[in-house]
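Me: Please take a close look at the inner spaces of this structure and at what lines them. I would like one connected account, with cut-offs stated.

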Amino acid sequence: MSETLDQLAAARLVPVVVLDDAAHARPLAGALVEGGLPVAEVTFRTAAAAAAIEQMAADGRVLVGAGTVLTPAQVDQAVDAGARYVVSPGLSREVVERCAERGVPALPGAVTATEVQAALAAGISTVKFFPAETSGGAAAIKALSAPFGDVRFVPTGGIGPKNLADYLSLSSVAAVGGSWRVPRDAIAAGRFEDVAAMVAEAVALTR
Ligand code: 3PG
C-alpha cells in the first residue's frame, strides 16, 4: 500500500463529501479537523469539486482525495487541484493508468471476484467495495478475502453507525467510506459545528 493509503487505513473512516459550493471547503476542513478526522473524499458530482479540492489542499490539514472520478480528464483535474488519491465507483483501466502516470493511488470499485481480479491485473490491491450493503455487505467481503488474501477493501455505500462495526472488524477492511457524518444539506446550510459533532461521534465508534 502506498503511504497515502496507509494514512487512509490509519484514519479508519473516509468521509464522502458532496460540496455544492467551493466556499464551503475550508470551513468543512475545519470541521473535519475539529471532529478528529482530517480526511475527505470530495466527489466529482458537482461542478464545485475541483475548486473545493484546491481549497482543502491549500488548507493543508486534511488528506484530500477525489471521488466519483470516471474519466482520465477528471483524474487530471483532481490531481492538478491537489487531490492525493482518486476514488471511482467502478474499475476503469484508463482511470487507473492515468492515476499511475500522475503518481497518485487509485481506489477503484470492485465487488465481484471478477472485478477484484481485474483490479489486481491493473496493479491495484486496495479496492473500494461499492455499493457495500447491496453488494453483500461484510459477509461478501469476508468471502472474497478467502481467495484474495492480499486485497484490502474500503467498503462504502449504505454504511452507518448500525453496521460500521461489521465492516471494521474485518482485517481485510482498510477503512470504511460514507457520507453519513458529512450530510450535504448540513454543509450547504453552513452547519459546520453540527458536522464537527457528527464526525467526532463517528470517530468515537472506531475506538
Ligand atoms: C459513495 O460514492 O461513496 C457513496 O455515495 C457514499 O455512500 P453513502 O452515501 O451510502 O455513505
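Reply: The largest cavity is lined by Leu-8, Val-14, Glu-41, Tyr-85, Val-87, Leu-107, Lys-128, Val-154, Thr-156 and Gly-177. A cavity here is a set of points, on a 1 Å grid over the protein atoms alone, where a 1.4 Å probe fits but cannot get out; a pocket is an open set with protein on both sides within 12 Å along at least five of seven lines, and lining residues have an atom within 4 Å of a point. The model is predicted, so local features need pLDDT of at least 70 and side-chain atom pairs pLDDT 80 or more, while totals for chains, interfaces and linings use all residues. Residues are numbered from 1 along each chain as its sequence is written, and side-chain values use heavy atoms, without hydrogens and water.

The largest cavity holds about 40 Å³, a volume being the space filled by probe spheres set on grid points joined across faces, edges and corners. A search of the whole structure for cavities of 30 Å³ or more finds one. Its lining has six nonpolar, two polar and two charged residues; Ala, Val, Leu, Ile, Met, Phe, Trp, Tyr, Cys and Pro count as nonpolar, Asp, Glu, Lys and Arg as charged, and the others, Gly among them, as polar.

Lys-128 and Thr-156, both in that lining, also belong to the surroundings of the ligand, together with Val-16, Arg-45, Phe-130, Gly-157, Gly-158, Gly-178 and Ser-179 (each with a heavy atom within 4 Å). This shell has two nonpolar, five polar and two charged residues. Polar contacts are pairs of N or O atoms within 3.5 Å. A polar side-chain atom of Lys-128 is 2.7 Å from a ligand oxygen, and a polar backbone atom of Gly-158 is 2.7 Å from an oxygen of the ligand. For a side-chain N or O atom of Ser-179, the distance to a ligand oxygen is 2.5 Å. The protein buries 79% of the 310 Å² that the ligand exposes when taken alone (Shrake-Rupley method, 1.4 Å probe).

Of its 16 lining residues, Val-16, Arg-45, Thr-156, Gly-178 and Ser-179 are the closest to the centre. Strands β1 (13-17) and β8 (176-178) each give two or more residues to the lining; strands are DSSP runs of E, at least two residues, and helices runs of H or I, at least four, numbered from the N terminus. The pocket lining divides into seven nonpolar, six polar and three charged residues.

Phe-130, in the ligand shell, is joined to Pro-131 by a cis peptide bond with omega about -5°. Pro-131 lies in the loop between β6 (126-129) and α7 (137-145).

Terms used
A polar contact is a pair of N or O atoms within 3.5 Å; within protein, one must be able to donate a hydrogen and the other to accept it, and residues adjacent in sequence count only if both atoms are side-chain atoms.
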